[in-house]
Amino acid sequence: MAEICARVAADGDDALGEYGSRFDGWAPGRDETFQVDAGELAAATRGLAAPDRAALEFAAARIRDFHSRQAGATTSGSPGLELLTRPVRRAGLYAPGGRAAYPSTVLMTAIPARVAGVQEVVLATPPRADGSIPQAILAAAHIGGVDAVYRIGGAQAIAALAYGTQSIPRVDVVAGPGNIYVTLAKREVFGAVGVDGIAGPTEVMVVADAKARADFVAADLAAQLEHDPLAIAVFVTDSAALAGRVEDELDDLVKGLERAEIIRAATCCLVVAPDLDEAMQVANDFAPEHLLIVSEDADARAKQVENAGAVFVGAYATVPLGDYAAGPNHTLPTSGAARFGSPLGVHTFMKRTSVLSLDRGDLEMLKEAAVRLAAMEGLSAHAHAVEVRLE
């Protein structure tokens, strides 16, 4: 990753062309560019099947409504002290390609950036071998308010957004999920640019009591496992009988699914706990990306959650509703990062600045403590900068 990122930083578009040919099977020819023509975004939206367009617009409205309630406000302390909250100037988004296209990810990243007030929002996503981008991705970019779409994928896309090239602007924050190469590239460029997080494979945990429907549980486990062979699903219950039924249901379900091979390659664990209190402790220790609670007292159990990216409460709160249309963000902390991390949101694209408007009276009031602390730290010039103003 270090070599790819350094090469893009040094050689810009030349490096992108070389890596695009090698990893994506496409690079712009003589009369082509990495950027998708702006008119193609609107055309993709118009050309999308009406039900598909309606689904994207419905989801966008729900996402926008939920995230608009997150808009941060400036806070004030003592007179003259403020914490200003402002959006970054330019955000770079990444939407994965490869095994599947994810228009929902475009909405989940672009809309919070727009709600935050980011001036310019750009998207990088891997092209097909002919240089085209899936219509649904372009339509989602148009609906989500993306300014420009670039046909680049993988680590080189993250480096291009972080450092800028001749044709791709440098951004202030990079957000959006990706494969392991994207994740490692984010780690490599962090500091030169802000990142939304360092994500691992997707994961789901289901906690259920003996009365839960085994077919419901199996369906949610399979839904998350079909993302990636590295995905993780954990089922925790206080009923050994239910665990057995869920195992049988999952085996039967997978046989009829298109992505059965991926699901079988992924990791699925069934855990029988002494009781649901212990099951919830397992959940808090694991800190899952997605946590589904299916029990008679699911609402009360939800109040026991300390660590989870998103909590789904009740038998009908299936995780895919959150993936697509419920409204809260589906870009969530993984690999235990829910112990300290948060879902992607408006705050991802905001930064805070302290403002201190102090007059002579404030200086006199603060002088003694400031000078003494400076002396304790051996920083005499700090003390002088305070004292000289009162001589």
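Reply: Happy to! Helix H15 (residues 360-376) and helix H16 (residues 380-387) have axes that come within 9 Å and cross at roughly 165°. Axes here are lines fitted to C-alpha atoms, for helices over the stretch in contact, with angles from 0 to 180 degrees between N-to-C directions. Helices are DSSP runs of H or I with at least four residues, strands are E runs of at least two, and both are numbered from the N terminus. The crossing angle makes H15 roughly antiparallel to H16 (angles over 145 degrees count as such). On the H15 side, the contact (heavy atoms within 4.5 Å) is made by Leu363, Lys367, Ala370, Val371 and Ala374, and H16 brings His382, Ala383, Val386 and Glu387.

This is a predicted model, where local features need pLDDT of at least 70 and side-chain atom pairs count only at pLDDT 80 or more, while totals for chains, interfaces and linings use all residues. Residues are numbered from 1 along each chain as its sequence is written, and side-chain values use heavy atoms, leaving out hydrogens and water.

Now the sheet: five strands form an open sheet in the order S5-S4-S3-S6-S7, with parallel pairing (two strands pair if DSSP finds at least two bridges between them). Its edges are strand S5 (148-151) and strand S7 (194-195), each pairing on one side only. Strand S3 (residues 90-94) runs parallel to strand S4 (residues 120-125), joined by five bridges. Here tyrosine 94 stands opposite alanine 124 in S4. Helix H5 (residues 103-116) packs on this sheet and touches S3, S4 and strand S6 (173-175).

Notes:
Angles under 35 degrees count as roughly parallel, over 145 as roughly antiparallel, 65 to 115 as roughly perpendicular and the rest as oblique.
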